[in-house]
Structure formats: structure tokens, C-alpha cells
Amino acid sequence: MRFAGVAVGSAALTVLTVAGCGSVTDRGDAAAAVAVRTLTAVTAEDGAAACALLAPDTAAELEQSADKPCAEAILAEDLPEPGVVVASDVYGQRAQVRLSGDTVFLAVLPGGWRVVAAGCTARGDEPYDCVLQGG
């Protein structure tokens, strides 16, 4: 009987491990979808849709720096068109989505993934240089 319990326990652990990996993959896919939807909305000149996907601090910083409502200001930013998703990495409540031609950073907030920074370019050992970012 003890052996059966260990086997069931091992099977349950295997299921939890596989489910956990699937969960990370699903979360990465969800973050990537938000990144692409945001850039697609900007390309389609739908500033309201793009702003709805921004983290509140990012939208507020954009409005303050542009002295315009978010829906207008985001369309004036030099954000790239959405590219192909190259990779999506999830780190707890944060994600980095690398697209061909852009890197987007996101955070999980009430309501799901929201863009914290976009139009980001790696600079070697220095922090990313981002066109759009929160305060």
C-alpha cells in the first residue's frame, strides 16, 4: 500500500509540474497577445484601444509628458509596427515579450496583462531604451 501512495504522489507531482510549465507558457502567450494587440492598435490609429492595454502609470506618464489625452499621445509616439513574437519570458508578475523589431515589458494588474514599456531597444549592459514607459 505504501508503494501505491508514493506512485500516486509522484504522479500528482508530475501533473502539477507539467501544469505549472503549461501555466507559464499560457501566461507568456497571454502577455505576447497583449503586446501585439497594443502595437496593432497604434498601427490602426486606435489610440483608445492601445491606451486600454497600458498600465495606469504608463498611461499617466504618457499624458503628462505629451500634455494630451493618452488616446492622442500614444499615436504620436514612434512605436514600431507589431512584429513576429520571437520570445516571451514570464518572471512572476512581469513579462518581457521580444518581437522582431521591438521589446515590450508588461505587468499583471487587475484585469490582466498591461504594457509597462514598449518600443524598447537593448543597449548591452545598460538598461533598455524605451519610447514608451511608465514613471
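Trainee: How many aromatic pairs does a search of the whole structure find?
Mentor: It finds 1 aromatic pair. Phe-105 and Tyr-128 sit edge-to-face, 5.1 Å centre to centre with 80° between the planes. The rule here is that rings of Phe, Tyr and Trp (its six-membered ring) pair if their centres lie within 6.5 Å; planes under 30 degrees apart are stacked, over 60 edge-to-face, and the rest tilted. Before we go on: this is a predicted model, where local features need pLDDT of at least 70, side-chain atom pairs count only at pLDDT 80 or more, and totals for chains, interfaces and linings use all residues. Residues are numbered from 1 along each chain as its sequence is written, and side-chain values use heavy atoms, leaving out hydrogens and water.

Trainee: Ok, and where do Phe-105 and Tyr-128 lie?
Mentor: Phe-105 is in strand 3 (residues 102–109) and Tyr-128 in strand 5 (residues 126–133), so the pair ties together parts 23 residues apart in sequence. Strands are DSSP runs of E with at least two residues, helices are runs of H or I with at least four, and both are numbered from the N terminus.

Trainee: New topic: how many disulfides are there?
Mentor: The search finds 2 disulfides, meaning cysteine sulfur atoms within 2.5 Å. One joins Cys-51 to Cys-70, S to S 2.0 Å. Cys-51 is in helix 2 and Cys-70 in helix 4, 19 residues apart. In the other, Cys-120 and Cys-130 have their sulfur atoms 2.1 Å apart.

Trainee: Which hand does each one have, left or right?
Mentor: The torsion about the S-S bond of Cys-51 and Cys-70 is about -95°, so that disulfide is left-handed. For Cys-120 and Cys-130 the torsion is about 110°, so that one is right-handed.

Trainee: Is Cys-120 buried or exposed?
Mentor: Cys-120 is buried, with a relative accessible area of 4%. Buried means under 20% relative accessible area, exposed over 50%, and partly exposed in between (1.4 Å probe, protein chains only).

Trainee: What does the side chain of Asp-102 have 3.0 Å from one of its polar atoms?
Mentor: That's the backbone nitrogen of Cys-120. Asp-102 itself lies in strand 3.

Trainee: And which side chains meet in a salt bridge?
Mentor: Asp-89 and Arg-98 do, at 2.8 Å, N to O. A salt bridge needs a side-chain nitrogen of Lys or Arg within 4 Å of a carboxyl oxygen of Asp or Glu.

Key:
Polar contact = N/O pair within 3.5 Å; in protein donor to acceptor, adjacent residues only side chain to side chain.
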